[in-house]
Amino acid sequence: MAARDPVIVGIGLSDHPQAPHLDSIQHHVQAMQRALGDAGLEKRAIDGYVCAGMEAGAMEAVFMAEYLGIDHRYIDGTMTGGSSFEFHVQHAAAAIRDGACDTVLVTYGSDFLSRRGRTLGTGGFRGTGKVSGAAMYSAPYGLSLVGDYAMVARRHMHEFGTTSEQLAEIAVGVREYAALNPNALYREPIRVADVLASRMISDPLHLLDCCVVSDGGGAFLMTTAERARDLAQPAVRVLGAAGGQTHWSIHQMPDYTTSAGAKCIPEAFARAGVRPADVSTLQFYDSFTITVLVLLEDAGFCKKGEGGAFVAEGHLRRGGRFPLNTDGGGLSACHSGMRGIFLIIEAVRQLRGQAGVAQVRGANLALAVGSGGSLSCIGAVVLGKE
Amino acid sequence: MQVIRGRKWERPQLAPSPAERPFFEAAARGELLYQQCPRCGHRQFYPRVLCTACAGEAAWATAAGRGAVHTFTIVRQNGQPPFRDELPYVVAMVELDEGVRMMGNVTGCPPEAVHIGLRVEAYAVECGEGIAVPFWRVAKGGPET
């Protein structure tokens, strides 16, 4: 490993999945404090700051940098929705390698459940006020966020014969991991039949095809391989990262069965010099079951259209070849609006061998893929054991 | 395309810029517009002040107002008025015969009757002073694709 190779050295989660005692800012703060403690770093070592969130919108990074009192020489507030943090890893890794800064803090915090309730996916996110720009071509028609993904699922079923049972397998497998996580919002085991029997939110997506809404925040610290030698935890290497965008509004999605992941995930693999078969665990954005299916195909774990059959073979389950979302995912454990940071944190936990009963044996390579918007902005990060 | 006027508009109010207004004004006259680049021929929707293919200027073109459902969903839960009072309803991406896609509700038939490939035709509903937006219903006659 070269001296300035970027590594992740600290992780922290704020109280979740329900934390009425914390507001969004307190989630950022608590997660940062825990990441610093985990790494064995002093706050003054931080000279780069990166964040995204829904508290101050486009100003989140500078607002939070002031609140936290970060004296930074590198800042990035890239906002691509839930995948922001995968883009952040890409950017921070380049900044560290380049010498723009040495130690980067990334934070996120959201009190979504406690403050705004469960309406995120069923209309509440979009509101009914005055609209302009691209939203004028969708807002009159009452499409919810769940509906965006339902249109993807419907087209995937039409083109490839994908079934609701196959999609349900994803929710069932992730719930199996949630049962192992005391902090997961839902832990009761479910079967495919339970997913199919749950109420239809937006055909063909049922309630249990959709992620939970929770509170929660996260933070991680990145630095150089050289500095990591003196710190408390085994360093996790950033081996490759790439991102891309095909659209923002769902009505602009060029191909309703393919995301920007079809280009950027193979690029992240190429940068890391590895292939899908080498991966030990997948941490994928599971806003909906269909999100995972599309990303899985785009990543090259199977051919386009074969995701349903691939999932049904159990590869993503506990004990399978590519265990998925070992913290219980957004589908069952924790999704406070922008889940991407939790993918990185869980990947690090696995690669350190600190995932307890959910530990994937021999985990040495993790793929985290975030999806922002409506399968719009995809960020892929390949992480490896030191 | 038929224009329905005078119906109370309770859906989100639209605030088009001067560059975007021609689309909504044309709809209020019964014309469905999209854009085609005079330089490279690229067709696009929604309307913009540039061609997204070649960065040239975009120009307006008139669509026949017919197309086929490319994908769709039946929305069964939406907490926002007025949509919550209209559940369940269909939101579709319609691929126009001219090749561009537009989102819209498919109305006038049971939601379960909608399928990918269903031929639909546009109608417009007034949504403000001199502006309207397109909606869709099952096309009369015409082959299914």
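Colleague: Where is Arg7(B) found?

Modeller: In the loop between strand 1 (3-4) and helix 1 (21-28) of chain B. Bear in mind that this is a predicted model.

Colleague: How does Arg7(B) count by accessibility?

Modeller: Partly exposed, because its relative accessibility is 49% and the exposed class starts only over 50%.

Colleague: And how far apart are the C-alpha atoms of Arg7(B) and Arg43(B)?

Modeller: They are separated by 32 Å. Along the chain the two residues are 36 apart.

Colleague: Over to chain A. In what order do the nine strands of the open sheet run?

Modeller: The order is 3-2-4-7-1-8-11-10-9, with mixed pairing.

Colleague: Which strands stand at the edges?

Modeller: Strand 3 (74-76) and strand 9 (281-284) of chain A. Each has a single partner strand, so one side of each lacks a neighbour in the sheet.

Colleague: How much are neighbouring strands turned against each other?

Modeller: By 25° on average, direction ignored.

Colleague: In what sense do strand 2 and strand 3 of chain A pair?

Modeller: Strand 2 (residues 48-51) pairs with strand 3 in the parallel sense, over three bridges. Within that pair, Val50(A) stands opposite Asp76(A) of strand 3.

Colleague: What does helix 10 of chain A touch on the sheet?

Modeller: Helix 10 packs against strand 8, strand 10 (365-372) and strand 11 (377-385) of chain A. Its direction makes about 155° with that of strand 8.

Colleague: Which strands does helix 14 of chain A touch?

Modeller: Strand 1 (6-13), strand 4 (104-110), strand 7 (216-224), strand 8, strand 9, strand 10 and strand 11 of chain A. The direction of helix 14 makes about 105° with that of strand 1.

Colleague: How many residues of helix 14 of chain A are buried?

Modeller: 12 of its 13 residues, so helix 14 is mostly covered. Among them are Phe342(A), Glu346(A), Gln350(A) and Arg352(A).

Colleague: What span does helix 14 of chain A reach?

Modeller: 19 Å from its first C-alpha to its last, close to the 18 Å expected at 1.5 Å a residue. Just after helix 14, Gly353(A) takes a positive phi of about 80°.

Colleague: How do the axes of helix 3 and helix 14 of chain A cross?

Modeller: At roughly 60°, coming within 6 Å. That makes helix 3 (residues 84-98) oblique to helix 14 (residues 340-352).

Colleague: Which residues make the contact?

Modeller: Helix 3 of chain A brings Phe85(A), Glu86(A) and Val89(A). From helix 14 of chain A come Gly340(A), Ile341(A), Leu343(A) and Ile344(A). By class, there are five nonpolar, one polar and one charged residues.

Colleague: New topic. Why does the span of helix 6 of chain A agree with what it should be?

Modeller: Because its 16 residues should span 22 Å at 1.5 Å a residue, and its end C-alpha atoms are 23 Å apart.

Colleague: Is helix 6 of chain A mostly covered or mostly uncovered?

Modeller: Mostly covered, with 12 of its 16 residues buried. The buried ones include Asp148(A), Tyr149(A), Arg155(A) and His156(A).

Colleague: What follows helix 6 of chain A?

Modeller: Gly161(A), with a positive phi near 75°.

Colleague: Last one. Where does Thr258(A) lie?

Modeller: In the loop between strand 8 (236-245) and helix 10 (261-272) of chain A. Thr258(A) is buried, because its relative accessible area is 19% and the cut-off is under 20%.

Colleague: What does Thr258(A) touch?

Modeller: Met253(A), Val294(A), Asp298(A) and Lys304(A), not counting residues up to four places away in sequence.

Note on methods. Residues are numbered from 1 along each chain as its sequence is written. Chains are lettered from A and ligands numbered from 1 in the order in which they are written. This is a predicted model: local features need pLDDT of at least 70, side-chain atom pairs count only at pLDDT 80 or more; totals for chains, interfaces and linings use all residues. Side-chain values use heavy atoms; hydrogens and water are left out. Helices (H or I, at least four residues) and strands (E, at least two) are DSSP runs, numbered from the N terminus. Buried means under 20% relative accessible area, exposed over 50%, partly exposed in between (1.4 Å probe, protein chains only). Contact means heavy atoms within 4.5 Å. Axes are lines fitted to C-alpha atoms, for helices over the stretch in contact, and angles run from 0 to 180 degrees between N-to-C directions. Angles under 35 degrees count as roughly parallel, over 145 as roughly antiparallel, 65 to 115 as roughly perpendicular and the rest as oblique. Ala, Val, Leu, Ile, Met, Phe, Trp, Tyr, Cys and Pro count as nonpolar, Asp, Glu, Lys and Arg as charged, and the others, Gly among them, as polar. The expected span of a helix is 1.5 Å times one less than its number of residues. Two strands pair if DSSP finds at least two bridges between them.
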